[in-house]
Amino acid sequence: MVKEKINELVAKYGSPLYVFQKEEFVKNYLHFEKCFKNLYPKYQLAYSYKTNYTPVICEIVKQLGGYAEVVSDMEYNVAKRLGYDNEKIIYNGPYKTELSIEHLLAGGILNIDNIEEVKKVCVVAEAHTEKQLKVGIRVNINIGQCFISRFGIDSDNSDLDLAFYLLKESGVKVEGLHCHIGQSRTIQAWKNRAEVMLTLADKYFPAEPPKYLNLGSGMFAVMKPSLAEQFGDNIPSFEQYAAAVAIPFAEHYASLPEEKKPILFTEPGTTIVNSYIDFVGRVDSIKRIKGQDIVVMDCSKHMIGDICQIKQLPIDVICCSEEQIELNNANFVGYTCLEHDVMYTAYHGKLGVGDYVVFANVGGYSNNFKPPFIAPNCAMCELDENGNSRVIKRREEFDDVFITYIF
Ligand SMILES: Cc1ncc(COP(=O)(O)O)c(C=O)c1O
């Protein structure tokens, strides 16, 4: 973004500010989807709401044909408000509440996480014998990750057999399997996901394949080179991810007619949204303390997600100050009173009070991850390729935070 555009946006919506790039998001979404569909036409994308549930973004996904992947009644309500049919909402998560049952009874997709949930669904089925309830099961599988995931039903002990048995006894049809393993973004990890899930599908659905196999997500997003370098500069392309999964699926089900093949779901979140939100913050003061340069910003690390604690986000400095000074090894710190509210470290270069810093790749776990700590959140605008903008989340006010408290 050029200086004039930033000045214009900040004049309209204030600083700090999230900027969502609509057309770039759409292009990337379509490219991602095409990579999978080219190899396995029964591919279906379900967007992970937890990653960024901004309704305008979810609405774009809906218009592009994406399903909604939700893990709470709050997220479910977003999808319903956008007009989603239950058949296109996937309700996941380890703790499900009231509306998950409404969703189940309305024919929505629901992936069970644990045996307690199996029992609850069986009770619902017994109270609604007029309906054929259908569920999926999230399986806890080993794909070579170096940790034990806490999610799903273990496929390596008797729990998965028990789940199938209890559901069958209550007349509930299991029509799919789901998995999601975080922190496993390599191509080999995706080949393993596909192989393990296909093996489980053959084992638990011997007569005919399940309606769907859902592999969750856990892929690297497209990102700026300076961020990619920090991940070892070996970021797989969407084509490579698709080949790792969709080719084994296509081969495994090659002999079946299209209508009998399972739907292959993935649930991208950061994978598709991360690169299309930038965050603009302003330099409020600069000081040198005991030899350390410190740049105090009008924003906080809570606004740009945990990623800024693990990696250096790509930044652009936009000079709007009257005078810049040369900084050496400067830390950009937030407005909070936390010592560890650091957004960027070891900055070398010119900077002045009033300059803007644009942080890129902050689409996931950012605006929706910001606590009401010390101050409410800022606005988000959408910017189209002609340079037109509109607000898609207004700046929060005092009442947005304090309405729930008693004065
Ligand atoms: C069940 C599930 N699906 C999808 C996602 C999104 O994954 P990603 O952001 O890696 O695309 C997550 C993220 O934690 C998840 O828990």
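Between domain 1 and domain 2 of this predicted model, the count of salt bridges is zero. The tour starts at that boundary and then moves to individual residues.

**Stop 1: the contact between them.** Display the residues where the domains meet: 23 from domain 1 are in contact with 27 from domain 2. Although no salt bridge is counted here, 18 residue pairs, with both members at pLDDT 80 or more, are in polar contact across the boundary. The size of an interface is often expressed as the accessible area that is lost when the parts come together. For domain 1 and domain 2 that buried area is about 2100 Å², with carbon and sulfur atoms giving 53%. Next, select Y276, K311 and N368, which supply 30% of the area that domain 1 buries against domain 2, more than any other three residues.

**Stop 2: the domain 1 side.** Keep domain 1 in view and select 379-383 and 389-393. These are β17 and β18, the elements that give two or more residues to the side of domain 1 touching domain 2. The largest share, three residues, comes from β17. Colouring this side by class gives ten nonpolar, eight polar and five charged residues.

**Stop 3: S15 and P16.** Move to the loop between α1 (3-13) and β1 (17-21), where P16 lies. The peptide bond joining S15 and P16 is cis, with omega about 0°.

**Stop 4: K290.** Select K290 in the loop between β11 (277-289) and β12 (292-297). Its phi is near 50°, a positive value in a residue other than glycine. Is K290 buried or exposed? With a relative accessible area of 85%, K290 is exposed, because that value is over the 50% cut-off.

**Stop 5: Y365.** Finish in the loop between β16 (356-359) and β17, where Y365 is found. This loop leads back to the strand selected at Stop 3, β17. Y365 is not a glycine, yet its phi is positive, near 55°. Its relative accessibility is 29%, so Y365 counts as partly exposed, a class that runs between the 20% and 50% cut-offs.

Key. Residues numbered from 1 in each chain as written. Predicted model: local features only at pLDDT ≥ 70, side-chain atom pairs only at ≥ 80, totals over all residues. Heavy atoms only, no water. Contact = heavy atoms within 4.5 Å. Buried area = accessible area lost by both parts, 1.4 Å probe. Salt bridge = Lys/Arg side-chain N within 4 Å of Asp/Glu carboxyl O. Polar contact = N/O pair within 3.5 Å; in protein donor to acceptor, adjacent residues only side chain to side chain. Helix = DSSP H or I, 4+ residues; strand = E, 2+ residues; numbered from the N terminus. Nonpolar A, V, L, I, M, F, W, Y, C, P; charged D, E, K, R; others polar. Buried < 20%, exposed > 50% of the residue type's maximum accessible area, 1.4 Å probe, protein only.
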